[in-house]
Amino acid sequence: MEDDDRCSSNNPGGIEQEEEDEDGTVLRFLDSLDSYLTLLDALSSTLRQGWFELASARHSMGSSRISSVLLDQKVRSAATTFQVGKSIDGSPSESHPSFAISKWASSRDGKCSFGEMEVSHVQKTSKNSELRHRGSSNFYDTTEEHDLRINASSTIGDGDVQKERSKSLSVFGTLVSPKLRAAQVSFETALDAIVEIANIRSSMLCAFTQLQQEMKEKGLG
Amino acid sequence: MAGRAQIPTKNSALIAMIADEDTVTGFLLAGVGNVDLRRKTNYLIMDSKTTVKAIEDAFKEFTSREDIAVVLISQYIASMIRFLVDSYNKPVPAILEIPSKDHPYDPAHDSVLSRVRYLFSAESVASGRR
């Protein structure tokens, strides 16, 4: 006890720094947790929109034209891929994976176009305004936003990207319903959310691991 | 976990899916479908005839492949192989549980949230007070 008192009086700054670091870790963990839940809510809304558009396309084109039977086993590479890198929060020993997406990359040799990153930024900004409205259904009130996204996607994407998109749609026939195109955009948006969720999850688990270690050191875990 | 395990960096990695037909179809429209020379796909479509063993095998295969960065699994399917999903602890590929048309997302069943939940449990608070 006396040693502890001597230590604390000799190095009060060190203990304060430790407590600040711990508070920082707790805050990072709680922020990640909140973002994780909010993003999952946003993903649910986007997927619901995509399923609805897919159902509408099936209604107009016929059930036989949109089914898994058409997903042939022809050899093909994914046009949309992920990159995995390392992200470091705080000390170098606490690295965690970070994820990035490259959409329709096969036509552009793996380069993600600025246009598509721009669209992702717009979507992120619009999502931020809904951060504190968890649980509300954004199913119908994002129609305008969704139309903007479709227009943005069709004007920003270059010819190669449009070619890749059409190739993806061509599995279901030469002439497809506009609803199927809309569903494609919705699921592309869902992929953006999935990348963010993967990164937030990674950050949350990293902060959680740090907290566990700190609790163990203090004899609480 | 995240700090200790080796984190492999990957370019052009795939996203794997274990979900119902509409969800898989939608994501295939977005260009994530891959079929390799051995006719192996990066997705499993769940229907009424899919067995739990098939889901387990697909999950084990996707989580052991070097070319997969993320595994998307519908939460209701993850609940069928909950033990396997909860015992998975590698940083890559990341396992994300997503909602399906008939089963909305439930945070109470998410394996990541279950793992961190104990921080807020009465036991962990009580042990701090002792």
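1. Of the 221 residues in chain A, 44% are buried. Please keep in mind throughout that this is a predicted model. Chain A holds 6 helices and 2 strands, and from the N terminus on its elements follow the order α-α-β-β-α-α-α-α. Among its contacts between residues at least 6 apart in sequence, 70% join residues at least 24 apart.

2. The helix I would look at in chain A is H6(A), residues 178-218. How many of its 41 residues are buried? The count is 31, and H6(A) is thus mostly covered.

3. At its start, a side-chain oxygen of A:Ser177 comes to within 3.0 Å of the backbone nitrogen of A:Lys179. Just after H6(A), A:Gly219 adopts a positive phi of about 80 degrees.

4. A:Ser177 itself sits in the loop between helix H5 (159-169) and helix H6 (178-218) of chain A. Is A:Ser177 buried or exposed? It counts as buried, because its relative accessibility is 9% and the cut-off for buried is under 20%. Leaving aside residues up to four places away in sequence, A:Ser177 touches A:Ala57, A:Ser60 and A:Met61.

5. Now to the two chains together. The size of an interface is often given as the accessible area lost when the parts come together. Here chain B and chain A bury about 5,100 Å² between them, with 68% of that area on carbon and sulfur atoms. The contact draws 58 residues from chain B and 62 residues from chain A.

6. What of the polar side of this contact? Between chain B and chain A there are 15 residue pairs in polar contact, counting pairs with both residues at pLDDT 80 or more. The number of salt bridges between the two chains is 1. In a salt bridge, the side chain of A:Arg58 meets that of B:Asp22, at 2.8 Å from N to O.

7. Which elements of chain B supply at least two residues each to the side that touches chain A? They are strand S1 (10-20), helix H1 (21-29), strand S2 (43-46), strand S3 (68-74), strand S4 (94-98), helix H5 (111-117) and helix H6 (122-129). H1(B) gives the most, with 8 residues. Sorted by class, this side of chain B has 34 nonpolar, 14 polar and 10 charged residues.

8. Two backbone features in chain B deserve a look while you have the model open. The peptide bond from B:Val92 to B:Pro93 is cis, with omega near 0 degrees. B:Pro93 lies in the loop between helix H4 (82-87) and S4 of chain B. The other is B:Arg39, which has a positive phi of about 65 degrees although it is not a glycine. B:Arg39 belongs to the loop between H1 and S2 of chain B.

Terms used: Residues numbered from 1 in each chain as written. Chains lettered and ligands numbered in written order. Heavy atoms only, no water. Contact = heavy atoms within 4.5 Å. Buried area = accessible area lost by both parts, 1.4 Å probe. Salt bridge = Lys/Arg side-chain N within 4 Å of Asp/Glu carboxyl O. Polar contact = N/O pair within 3.5 Å; in protein donor to acceptor, adjacent residues only side chain to side chain. Helix = DSSP H or I, 4+ residues; strand = E, 2+ residues; numbered from the N terminus. Nonpolar A, V, L, I, M, F, W, Y, C, P; charged D, E, K, R; others polar. Buried < 20%, exposed > 50% of the residue type's maximum accessible area, 1.4 Å probe, protein only.
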